[in-house]
Amino acid sequence: MTATTMAAPVAAASDAVSGHTRDRALWGAIMLAPYVLVFLVMVVYPVAYGLWLGLNWNSYRALFADPIFIRTVVNTIVFLFIAVNLKFLIALWLSGFFVAQRAWVRIVLVIFILPWAVPSIPTILSFRVMLNPENGMINQQLFHLFGIVEGPGWLTDPTLAFASSIMVHIWKSLPFWTLILITGRFAIAQDLYEAASVDGANKWQQFKFITWPSLATLYVTSTMLSMIWTLGDFNSVYLLTGGGPGDLNHVLSTLGIRYMRNNNLDLGIASIIVAMPLILPMVYFMVKRLSKGAE
Amino acid sequence: MKKALDEGKLILIAIPVLLWTLLPIYHLFVLSISSQEAMLAGTLWPAKPTLQNFQIVFQQQHYYLTNFWRQMFNSFFIAITTGLLTLFIATFAAFAISRLKVRGGRTIMNLALATYLIPAAFLAIPMYKAMGSYGLLNTQAALILAMVALASPYAIWVLKQASDKLPKELDEAAIMDGATSLQLFRLVYLPLMKPSMVVIGIYALLLAWNEYLYAFLLLSNEKAVPLAVGLGLFLSADDAPWNLLMAAGLLYAIPPAVIYYGFRKNMVGGLTAGAVKS
C-alpha cells in the first residue's frame, strides 16, 4: 500500500520534470530568438559585409602609402599608452583617497563622478571653447593674472592639441575606473591593515604588501578593458580637435570616419581591418576572463 | 595632532580633484549665462549674468536651434525606445541562458560579450553600410536598432549574472509543482530581477541619449536627429554662438545627470560590479 501511494506522486513529479524539459527547450529557443535576430542583422551581416568590402588589396596599398595613416597609427599607440597608464595611476591613487572614512570625502566622490554622469558633447565642447587660444577662458585668464600675452596653443599646436585630447579623455573616464578600484579596495579586509600597523608597517609597505597584491588582478583586467575602450574613443579627439590641426592628431577611430566622409569608404574599412590584429587578441582574452568570472 | 595632519593631507588632495572635475562644467555654466561680448572676454564670471540664452533656446530663435524642441523630443523617443527594447530582449535572453540553460546559450553569451568589447567606433562603418542595404538609412529605426545591438550584450551579461545568483531551489520547487517555463519566468524570475532590470533599462537609455557618432552617421535630416547631433552642428562654424550652445547643452545634460544621481546607488553598484569581475 505504501508502495503505490509513494509511487503516484513520484511518477507525477517525474512526468512534470520530463514535460518541463521539452517546455524548457521550446521556451529557451523562443526567448533567445530576439537577441539572436538582432545579432544576425546588426552584427553578423555588417561584419561579413565589411570584410567582403575589405577584400580589395589596392586599398591597403593606398592606406600604407598615406602619411596621415602612418601618423595615425603612431598617434593611436602613444594615445593608448599614455592615456591608459596615466589614468590608472591616478585612479589607483585617488581610490586610496576616496576610501577615507569621512562624510565629506563621500560628498567629494559624488561630485567627482559628474564627468561620467553627464554626456560628452556639452562638456567636451566646453573644453574646446575654454582652450581656444585666442578668446578661451584659460588663455584670457593667463593674460589677466600673469600678463601672458600669447598663451599656449592648446588646440593649434600639434603636440599640445594631442595632449589636450588625452586630458579630455582622462577627464571623462577617470571617475569610472576610480569607482572600480574603490570597490576593489573595499573588498580588502580591514584587519590586515590594523595588524600591519601594529607590526609597524608604514603606508608604503602596507600598499606594497596588502593593497597591491589584492588589487593586482582587478588592475590588470581593468587596464585591458580600458585599453580596448580607449582605442574606440571617438569623441575626445573628434569633438575637441577634429583630428587637427591639419589631420595630424587622428586616432584610428576618427580616421576611419574621416575616410568615409571623404567618400573613401574602402580606405575606411581597410583602416578598421588593419586594427583588428591589435583588438581581437584583447577581446579574446577579455571574453575568456569575463565568462569565467560569470561562472 | 596626527588626525589634523591626516585631514590636512586629504583636503590637499580634494581641492585639485574638485577643480579638475568642475572646471569644464563650471565653464559650461558660465558661458550659458554670458552675453556674446562677455563670452569673448573670457572672464571667470560675466559682468551681467543673463538668462537670455535660455530664452533664445526655448523659443528656437537662432539658425542652429530651429529644431531644438523637435530634437529634444527625438532624443527622448530614441532613448526610451532603446531602453525598452533592450530590456525586453535582454531579460528574455538572460532567462533562457541562465535559468532554462538553453542549448548554445553559452556560445551566444560569448559572442555577445565579444560584440560588447569591440569598440563601437569600429563597428560604425560596417553598420552604416548594412543600414544602407536594408534601406533604413536616415530613419530613426536605424539608430534605435544600432543602439539596441550595442546595449544588449552588456545588458544580457549583467542580467545573466544577477539571475545566476538566484537560488536553483526556487526553480526546482516550482517545477515539482508543475510550473511551466513561462510561469517560472513570470512568477519567480521577473519579481526577483526587478532591481537589475531598472539598472539595465537606464543603462541602455543613457547609452542612446549620449550617443553622438552613430546618430550623426545614420541620420542626416535635421528634423530627425537627436539633440546630440543638433548640438554638434555648432561645430560647422568657427564663430558659432558658443553661449547658446552651452545653454542648449546644459539642458541636454540635465536629464541624464538627474537619472544618474537619482539612481546613484543602483547605478554605481550595478554598472561597476558588472563591468569588471576579477
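What percentages of helix and strand does the chain have over residues 170–188 of chain A, and how far apart are the end C-alpha atoms? Over that span the chain is 89% helix and 0% strand, with the end C-alpha atoms 26 Å apart, where helices (H or I, at least four residues) and strands (E, at least two) are DSSP runs numbered from the N terminus.

This is a predicted model, in which local features need pLDDT of at least 70, side-chain atom pairs count only at pLDDT 80 or more, and totals for chains, interfaces and linings use all residues. Residues are numbered from 1 along each chain as its sequence is written, while chains are lettered from A and ligands numbered from 1 in the order in which they are written.

An unreviewed UniProt entry annotates "transmembrane region" in chain A at residues including 170–188 and 267–287; such annotations, given in the numbering used here with shortened feature names, may be inferred rather than shown by experiment.

The contact between the chains takes 82 residues from chain A and 84 residues from chain B, two residues being in contact if their C-beta atoms, placed from the backbone, lie within 7 Å. On the side of chain A that touches chain B, helix α1 (residues 2–53) of chain A gives the most, with 24 residues.

Chain B is divided into domain 1 (1–66 + 237–263) and domain 2 (67–230), with bounds from an automatic or database domain assignment. The C-alpha centres of these two domains of chain B lie 32 Å apart, and their contact takes nine residues from domain 1 and eight residues from domain 2.
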